[in-house]
Amino acid sequence: MIGKTVNKTHKTPRKFRLHTALVVPFVLQTVVAVGLVGYLSFQSGQRSINNLATQLLDSVNNRVNQHLKSYLTIPHQVNQINNDNIQLGLLDINDFSTTRQYFWKLIQRFPTTGFIAFGNEQQEFIGVERLEGGKFSAEIKDKSTGVDKLVYSFDPQGNLIDQPIGASKNYLPTSRPWYRAAKEANKPTWSKIYQFSSNQSVRLGITAVQPYRDRAGTFVGVLSTDLVISQISDFLSQIKISPSGRIFIMDREGLLVASSTKSPIYTVKNGKAERLAASASSDPFIQATKKSLSKYFSDLNQITKFQQINFEINGQRQFVLVEPWQDEFGLNWVVVTTVPELDFMADINANNRNTMLLCLATLVLTILLGILTARSITLPIIKITKVSKEIATGNLDERVDTNNFIEIQELDALENSFNSMAVQLKSSFENLEAKNEELRVAEESYRGIFENALDGIFQSSPEGRFIKVNPALAKIYGYDSPREMIETITGISDQIYVDPEKRAEFKELLETQGMAKDFEYRSYCKDRSIIWTQIDARAVKDSTGKILYYEGLVQNISDRKRREDDLRKQLEELKIEIDHTKREKEVAMLTESSFFQEVKKEMAEVNLDEFWS
């Protein structure tokens, strides 16, 4: 056994080119199979394509309808169950401890629900939310929490862990969209699609709500059950239509509700979600389909029945099914399914009996000839895939070693390239960590400069609010801290500028020139005393040229201004003295001149009595 092992180890395996191993065995089979399949498909495809398109679109549409009906009925069923249990006395809605435990068990029985809650007119709130990883949290606002809503996590037995994991300040359930929707409708209904108030990432959802009234008919509060809109998109993405087929749902305003693609249905700006119109979708098929529908329907409210429409997008014929979708609780959506004509040819081939028989006959021979080759190719690829998954999880020391019976040059080269890539990837991660550390040091340095600078540094909005100020600026204006200054000053033009027209001049400079240099103006301090300040600032703009904020440096130049005023007065006094001295010199020169002396002598010799007689 030892001798055999040694011989096998030193045996030089024979290597083949991937081109030789694959192309030669399969080329004749592929030509024959594709030729027959193409001929038969062409003959039968043209006759059945419209029928198949209708059947496929109907099938997909039925699945979507059934899922929407099932998925969107559950939240209202949950609300009704809760309402019935309260009315029957099985659930005391005033006992938040019992209600919390009940909601925790109930949400686990309905895995599609994201949040079950109750809020009342006394601004109290109790809810249980489904978190990622199969965990849950409780959100509570009652007399014990004050004006804030506190968030707690559960242990495996459904008990609260003492320390809160989050909080919502000054939370008012009666001001939330779901609460207002229930109160205005005065019956079970849906809220509009809105951004959830949650400790998780930004999410859009819709809430099924039901007003709760006591036995006397008095409105007490609102029962609610949340659904995450992305779950509808997840379901649509699982429906197999065709390679280029699309399913998407819009509301009557043309805003996307869900999509079978990975293209987003909303964008996030400054932490706020903004829904996208179908005509602005990043998916070109959805965008083009919506624009084409606009040619048939100037208003989506005109879609009142099931309709199939055919039109062209980029020269390709499209089959589009449009159907209004409504429920008894007020939802009013439009479901659109679109499939390119080219995609149906593959379906026709797959469903054609004669084509299948010929394909099976061809495949039998292909399989027999390709088993060894396929095995030699797939095993190394499987090993490479396994190692790549290990590397993806962070194990960068993994390497590929196929050691296959038949070694193919291309796969051998791929193995070497993959191992080289793994080495480079590890080096890149190490370099990235070093860069991150450098970035952290730089950020700390910038923060130190900002906090310890002698000059005032600021960022302010064009509307007149400070965004950031450093301690030096707060000190210049007499405030105890940057925070006090930011909170106190709500209008820079009125609270800082003594001369409001100087603020307008400052803004005009930034809007027209993008910066202001050595700009001087009089400023109010916290105690309303007046100082002179000088500012160097610039306007920070986005890619479209819109001004986001102003930033710059501020100096207190009051002492310099006083010195300039004193110097100006001294110069004026000196000028007066110089003018007086100059006049005295001019008079002296005139009286001492020979002409003046001659006139003086002649005047002395004149007999005035004779002159006048």
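**View 1. Overall surface and composition of the predicted model.** The protein chain exposes about 37,000 Å², of which carbon and sulfur atoms supply 54%. The model is a predicted one, and its protein chain holds 16 helices and 23 strands. Of the 613 residues of the protein chain, 39% count as buried. Among contacts in the protein chain with a separation of 6 or more, 50% are between residues 24 or more positions apart. A search of the whole structure finds 20 salt bridges, some of which are shown in the views that follow.

**View 2. The open sheet of strands E12, E11, E17, E16 and E15.** These 5 strands form an open sheet with antiparallel pairing, in the order E12-E11-E17-E16-E15. Strand E12 (256–259) and strand E15 (307–313) stand at the edges, and because each has a single partner strand, one side of each is left without a neighbour in the sheet. Direction ignored, neighbouring strands of this sheet are turned by 25 degrees against each other on average. E15 pairs with strand E16 (residues 316–326) in the antiparallel sense over 7 bridges, and Gln-308 stands opposite Leu-321 in E16.

**View 3. Helices H5 and H6 against the sheet that holds E11.** Helix H5 (residues 230–238) lies across strand E11 (246–251), E12 and strand E17 (332–340), and runs at about 40 degrees to E12. Helix H6 (residues 284–296) lies across E11, E12, E15, E16 and E17, and its course is at about 115 degrees to E15.

View 4. Arg-246 and Asp-283 form a salt bridge whose closest N and O atoms are 3.0 Å apart. This pair links distant parts of the chain, with Arg-246 in strand E11 and Asp-283, 37 residues apart from it, in the loop between strand E14 (272–275) and H6. Arg-246 is buried, with a relative accessible area of 13%, and Asp-283 also counts as buried, at 8% relative accessibility. In a further salt bridge, the side chains of Arg-275 and Asp-251 meet at 3.1 Å, N to O. Here too the pair links distant parts of the chain, Arg-275 being in strand E14 and Asp-251 in strand E11, 24 residues apart. Arg-275 is partly exposed, with a relative accessible area of 23%, whereas Asp-251 is buried, with a relative accessible area of 12%. Glu-341 forms a salt bridge with Arg-317, with 3.4 Å between the closest N and O atoms. Glu-341 in helix H7 (residues 341–351) and Arg-317 in strand E16 are 24 residues apart, and their pair links distant parts of the chain. Glu-341 is partly exposed, with a relative accessible area of 24%, and Arg-317 is likewise partly exposed, with a relative accessible area of 29%.

**View 5. The open sheet of strands E20, E19, E23, E22 and E21.** This open sheet of 5 strands has the order E20-E19-E23-E22-E21, with antiparallel pairing. Its edge strands are strand E20 (466–469) and strand E21 (515–524), each of which pairs on one side only. Neighbouring strands of this sheet are, on average and with direction ignored, turned by 30 degrees against each other. Strand E19 (residues 456–460) pairs with E20 in the antiparallel sense over 3 bridges, and the bridge partner of Ser-460 in E20 is Phe-466. Helix H13 (residues 500–513) packs on the sheet, where it touches E21, strand E22 (530–541) and strand E23 (547–556), and its direction makes about 165 degrees with that of E21.

View 6. Helix H14 (residues 558–591) lies across E21, E22 and E23, running at about 125 degrees to E22. Lys-561 is found in helix H14 and counts as buried, because its relative accessibility of 16% is under the 20% limit. Residues up to four places away in sequence not being counted, Lys-561 touches Glu-520 and Trp-532. Leu-574 also lies in helix H14 and, at 43% relative accessibility, counts as partly exposed. Together with Leu-567, Leu-571 and Ile-578, Leu-574 makes a nonpolar surface patch of about 380 Å².

**View 7. Gln-80 of helix H2 and Ser-224.** Gln-80 is found in helix H2 (residues 18–87) and counts as partly exposed at 33% relative accessibility. Although Gln-80 and Ser-224 are 144 residues apart along the chain, their C-alpha atoms are separated by 9.9 Å.

Conventions
Residues are numbered from 1 along each chain as its sequence is written. This is a predicted model: local features need pLDDT of at least 70, side-chain atom pairs count only at pLDDT 80 or more; totals for chains, interfaces and linings use all residues. Side-chain values use heavy atoms; hydrogens and water are left out. Two strands pair if DSSP finds at least two bridges between them. Helices (H or I, at least four residues) and strands (E, at least two) are DSSP runs, numbered from the N terminus. Axes are lines fitted to C-alpha atoms, for helices over the stretch in contact, and angles run from 0 to 180 degrees between N-to-C directions. Contact means heavy atoms within 4.5 Å. Buried means under 20% relative accessible area, exposed over 50%, partly exposed in between (1.4 Å probe, protein chains only). Accessible areas come from the Shrake-Rupley method with a 1.4 Å probe; for residues, only the protein chains shown count as cover. Patches are made of residues with over 30% relative accessible area and no salt bridge: like charges are joined within 9 Å, nonpolar side chains (Val, Leu, Ile, Met, Phe, Trp, Tyr) within 5 Å. A salt bridge is a side-chain nitrogen of Lys or Arg within 4 Å of a carboxyl oxygen of Asp or Glu.
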